[in-house]
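Let's take a friendly walk through this model, one feature at a time. Have the viewer open and follow along.

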Amino acid sequence: MDSFVTLFSAYWWLLFPLGFFIAAGWSSLMRFKNTQARLELLKTYAASGQEPPEALLTDMDAPRAEYDGTPPRATGATGFLVTLFAGLSGVFAILGYTGALGSYDAEFYVVAAILGVLALAFLVSGVATGGRAPRG
């Protein structure tokens with residue numbers, strides 16, 4: 001058990017990229033399932049000889065809207081990401097300052113700086129695009 005604690009204390013920061021990797025994979029899987037469900041619905045309409053509703057066909061073309069020059073729709077994703085990364089940066093900076101989790105103050109400051117840069121990048125991106133996030 002002691003070796004696990006040692007391993008975790010040395011590589012705890014890998015939880016962040018691993019979490020983002022899992023979240024991206026889950027998002028991709030859900031998009032795939034959604035597309036499969038749409039195709040099955042279109043197959044059902046085709047098998048019965050009926051014309052599918054116009055809204056369904058328009059919805060099927062929606063993922064390609066970002067490539068045909070259509071501006072992306074506005075979402076709250078940018079503001080959420082700025083808040084998330086700025087908050088995490090603050091938490092790690094406080095943990096580094098107080099030394100609450102041991103003598104990892106330099107490591108916490110590095111993580112806080114990286115998360116702060118990400119928050120700033122999302123803020124600049126949000127301002128540059130007018131708060132719009134890509135569809136999809």
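Is E40 buried, partly exposed or exposed? Keep in mind as you look that the model is predicted. With a relative accessible area of 46%, E40 is partly exposed, because the exposed class begins over 50%. K43 does reach that class: its relative accessible area is 53%, so K43 counts as exposed.

These two residues belong together in the story. E40 and K43 form a salt bridge, and their closest N and O atoms are 3.6 Å apart, which falls within the 4 Å cut-off for such a pair. The structure holds one salt bridge, so if you select E40 and K43 you have it on screen. Both residues sit in helix α2, which spans residues 15-48. They are three residues apart there, or about one turn of the helix.

Now turn to a pair of helices. Helix α4 covers residues 77-98 and helix α5 covers residues 105-128. They pack at an angle of about 160°, and their axes are 8 Å apart. Angles over 145 degrees count as roughly antiparallel, so α4 is roughly antiparallel to α5. The crossing of α4 past α5 is left-handed.

Who makes the contact? On the α4 side, the residues include L81, V82, F85, L88 and F92. On the α5 side, F108, V111, L115, L118 and F122 are among them. Sorted by class, the contact between α4 and α5 has 18 nonpolar residues, five polar ones and one charged. D105 of α5 is one of the residues taking part, and Asp belongs to the charged class.

Conventions:
Residues are numbered from 1 along each chain as its sequence is written. This is a predicted model: local features need pLDDT of at least 70, side-chain atom pairs count only at pLDDT 80 or more; totals for chains, interfaces and linings use all residues. Side-chain values use heavy atoms; hydrogens and water are left out. Axes are lines fitted to C-alpha atoms, for helices over the stretch in contact, and angles run from 0 to 180 degrees between N-to-C directions. Helices (H or I, at least four residues) and strands (E, at least two) are DSSP runs, numbered from the N terminus. Angles under 35 degrees count as roughly parallel, over 145 as roughly antiparallel, 65 to 115 as roughly perpendicular and the rest as oblique. A crossing is left-handed if the near helix is turned anticlockwise from the far one by less than a right angle, and right-handed if clockwise. Contact means heavy atoms within 4.5 Å. A salt bridge is a side-chain nitrogen of Lys or Arg within 4 Å of a carboxyl oxygen of Asp or Glu. Buried means under 20% relative accessible area, exposed over 50%, partly exposed in between (1.4 Å probe, protein chains only).
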